[in-house]
Amino acid sequence: MENHLIVTASPHIVDRSSTRKLMGNVIVALMPCVVASIIIFGIRALLVEAVTVFACVAFEYLYCYLMKKPIPVGDLSAVVTGLILALNLPVSIPLWIAVLGAFVAIVLAKQLFGGIGFNFVNPALIGRLFLFTAFASRMTAWVFPQSLSGVDALSSATPLVAGKETALPVIDLLLGVHGGVLGETCSLAILAGFVWLVATRTINITIPVAYVGTVAVLALVFAGPHTVLLHVLGGGLLFGAVFMATDYVTSPFTTKGKIIFGIGMGIITWAIRYWGNMAEGVSYAILLMNLFVPYINDLTRQKPLGGVKKK
């Protein structure tokens, strides 16, 4: 058989990856957080997660059906959006508010921009920020599990607030027995999901390491070594770095761009936490850096061999 030289446009590397497979890996990675949320906050956590996921899938199906577009619910991206959104909500959230957040995430932040691959920000992130702005009291109505260490340091505040006055046991930060949203409390569950995503090559470690590392260094320099674990484990930093900042569509595609992206989010997060009047800054940091991704991609794009980079 003769060998033929076939000239085609890129891409030239073909593998078995698909959107459904990648989303399936993310769902598997989120399962430790789901299980931990049920153990820590009770069965209502599962109800919030189920309702939010169902609402996201239903809104995507109905929108595409009414607009006579191909219905993409089989790619599991709406399920991932629903899970991430649910894990960004407190267990006490009224279910109708969770459904409203699902509508904003799927219809306004995703489908109106053309569906998966065309959204300029993470849909679940927009849903969370909308709910936080519209229903601030509901979104900060924390439920506080019993501390394993016996220290009642978190009876009225989340770790980032309470930690300014009281030394917080590391075991409570790792296992998640403190106030917060469903997915951010148990650091061990988030790290388990991170290991799965890296092992299956679903994500690259560059963004999470650059993001978390930047916050850790700034905490060490500005607040002292005793605050590093608090800022890394005590808020939404790990969850945001692993499951939200690594979104394919809204993060840079070059290694240099990923580093810049992670460092930028780290600086913004620290600025909000340290100098702002908010204890948390992860969501706003990711949102702001999402807006810069097209420019980061353009500035860090690799020059073709023999080509000249445009001025």
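Cys-186 is buried, because its relative accessibility is 11% and the cut-off for buried is under 20%. The model is predicted. Cys-64 is also buried, with a relative accessible area of 1%.

**Cysteines**

How many disulfides does a search of the whole structure find? It finds zero. Cys-186 shows the spacing: its nearest cysteine sulfur belongs to Cys-33 and lies 7.2 Å away. A disulfide needs two cysteine sulfur atoms within 2.5 Å. Cys-186 is therefore in no disulfide.

**Overall build**

The chain is built from helices. There are 14 of them, and zero strands. Read along the sequence, the pattern is α-α-α-α-α-α-α-α-α-α-α-α-α-α. The chain has 311 residues, and 51% of them are buried. Its exposed surface comes to about 15800 Å². Carbon and sulfur atoms supply 68% of that area.

Contacts reach across the sequence. Take the contacts in the chain with a separation of 6 or more: 73% of them join residues 24 or more positions apart.

**Aromatic pairs**

A search of the whole structure finds ten aromatic pairs. Two of them are set out here.

| Pair | Distance between ring centres | Angle between planes | Class |
|---|---|---|---|
| Phe-113 and Phe-120 | 5.0 Å | 70 degrees | edge-to-face |
| Phe-222 and Tyr-274 | 5.8 Å | 50 degrees | tilted |

Why is the pair of Phe-113 and Phe-120 edge-to-face? Their planes stand at 70 degrees, and planes over 60 degrees apart count as edge-to-face. Phe-113 is partly exposed, with a relative accessible area of 41%. Phe-120 is partly exposed too, and its relative accessible area is 41%.

Phe-222 and Tyr-274 make a tilted pair, because their planes are at 50 degrees. That angle falls between the 30 and 60 degree cut-offs. The pair links distant parts of the chain. Where do its two residues sit? Phe-222 is in helix 10, which covers residues 206-222. Tyr-274 is in helix 13, which covers residues 255-275.

Are Phe-222 and Tyr-274 buried or partly exposed? Phe-222 counts as partly exposed, at 38% relative accessibility. Tyr-274 is partly exposed as well, with a relative accessible area of 37%.

Terms used: Residues are numbered from 1 along each chain as its sequence is written. This is a predicted model: local features need pLDDT of at least 70, side-chain atom pairs count only at pLDDT 80 or more; totals for chains, interfaces and linings use all residues. Side-chain values use heavy atoms; hydrogens and water are left out. Helices (H or I, at least four residues) and strands (E, at least two) are DSSP runs, numbered from the N terminus. Buried means under 20% relative accessible area, exposed over 50%, partly exposed in between (1.4 Å probe, protein chains only). Contact means heavy atoms within 4.5 Å. Accessible areas come from the Shrake-Rupley method with a 1.4 Å probe; for residues, only the protein chains shown count as cover. Rings of Phe, Tyr and Trp (its six-membered ring) pair if their centres lie within 6.5 Å; planes under 30 degrees apart count as stacked, over 60 as edge-to-face and the rest as tilted.
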